[in-house]
Amino acid sequence: MISKKALTPNEQPTLLAKRPYDLRHAGISFWLHSGVDPAECARRVGQSIQVLFQYYAKFLDGLQEHSNRLIEESMQEWSRRSEDGSAKG
């Protein structure tokens with residue numbers, strides 16, 4: 001248990017989080033859910049990618065459909081650009 005005397009007034013538990021660390025966890029989870037590259041998330045929080053995957057894998061699992069959609073959109077864009085370039089040549 002964290003002693004309240006060890007925390008500054010800005011670090012006291014709030015309705016948002018019981019511990020300051022909870023906000024960090026929420027922030028990382030939000031980044032991953034938003035589609036930020038996991039390697040970039042790990043770099044920003046000073047963790048290895050292995051640690052990030054160990055603790056946040058459940059958030060990454062839910063992004064499979066989002067990732068598939070991004071790949072599909074990129075493939076369609078690539079195909080469209082290739083066709084446009086072929087028509088000009």
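The sections below treat the basis of the model, the overall composition, the helix pairs and selected residues.

## Basis of the model

The model is predicted, so that local features require pLDDT of at least 70 and side-chain atom pairs count only at pLDDT 80 or more, while totals for chains, interfaces and linings use all residues. Residues are numbered from 1 along each chain as its sequence is written, and side-chain values rest on heavy atoms, with hydrogens and water left out.

## Overall composition

The protein contains 4 helices and 0 strands, and its elements follow the order α-α-α-α from the N terminus. Helices (H or I, at least four residues) and strands (E, at least two) are DSSP runs, numbered from the N terminus.

Of the 89 residues, 16% count as buried. Buried means under 20% relative accessible area, exposed over 50%, and partly exposed in between, with a 1.4 Å probe and protein chains only. Among contacts with a separation of 6 or more, 34% join residues 24 or more positions apart; a contact means heavy atoms within 4.5 Å.

## Helix α3 and its kink

Helix α3 covers residues 49–61 and has 13 residues, yet its end C-alpha atoms are only 15 Å apart, short of the 18 Å that a straight helix would reach at 1.5 Å a residue. The expected span is 1.5 Å times one less than the number of residues. A kink of about 70° is centred on Tyr 55, where the bend is the angle between axes fitted to the seven residues ending there and the seven starting there. The buried residues of α3 are Leu 52, Tyr 56 and Leu 60.

Helix α1 and α3 pack at an angle of about 55°, with their axes 10 Å apart. Axes are lines fitted to C-alpha atoms, for helices over the stretch in contact, and angles run from 0 to 180 degrees between N-to-C directions. The angle makes α1 oblique to α3: angles under 35 degrees count as roughly parallel, over 145 as roughly antiparallel, 65 to 115 as roughly perpendicular and the rest as oblique. On the α1 side the contact involves Tyr 21, His 25, Ile 28, Ser 29 and Leu 32, and on the α3 side Leu 52, Tyr 55, Tyr 56, Phe 59 and Leu 60.

Helix α2 (residues 38–45) meets α3 at an angle of about 125°, with axes 10 Å apart, which makes α2 oblique to α3. Pro 38, Ala 39, Cys 41 and Ala 42 of α2 form this contact with Ile 49, Leu 52, Phe 53 and Leu 60 of α3.

## Packing of α1 against α2

For α1 and α2 the packing angle is about 155° and the axes lie 10 Å apart; the two helices are therefore roughly antiparallel to each other. Their contact is made by Arg 24, Ile 28, Trp 31 and Leu 32 of α1 and by Pro 38, Cys 41, Arg 44 and Val 45 of α2.

## Two buried residues

Ser 29 belongs to helix α1 (residues 20–33) and is buried, with a relative accessible area of 8%. Leaving aside residues up to four places away in sequence, Ser 29 touches Tyr 56 and Phe 59.

Gln 47 lies in the loop between α2 and α3. Its relative accessible area is 19%, and Gln 47 is buried. With residues up to four places away in sequence again not counted, Gln 47 touches Arg 24, Ala 42, Leu 52 and Tyr 56.
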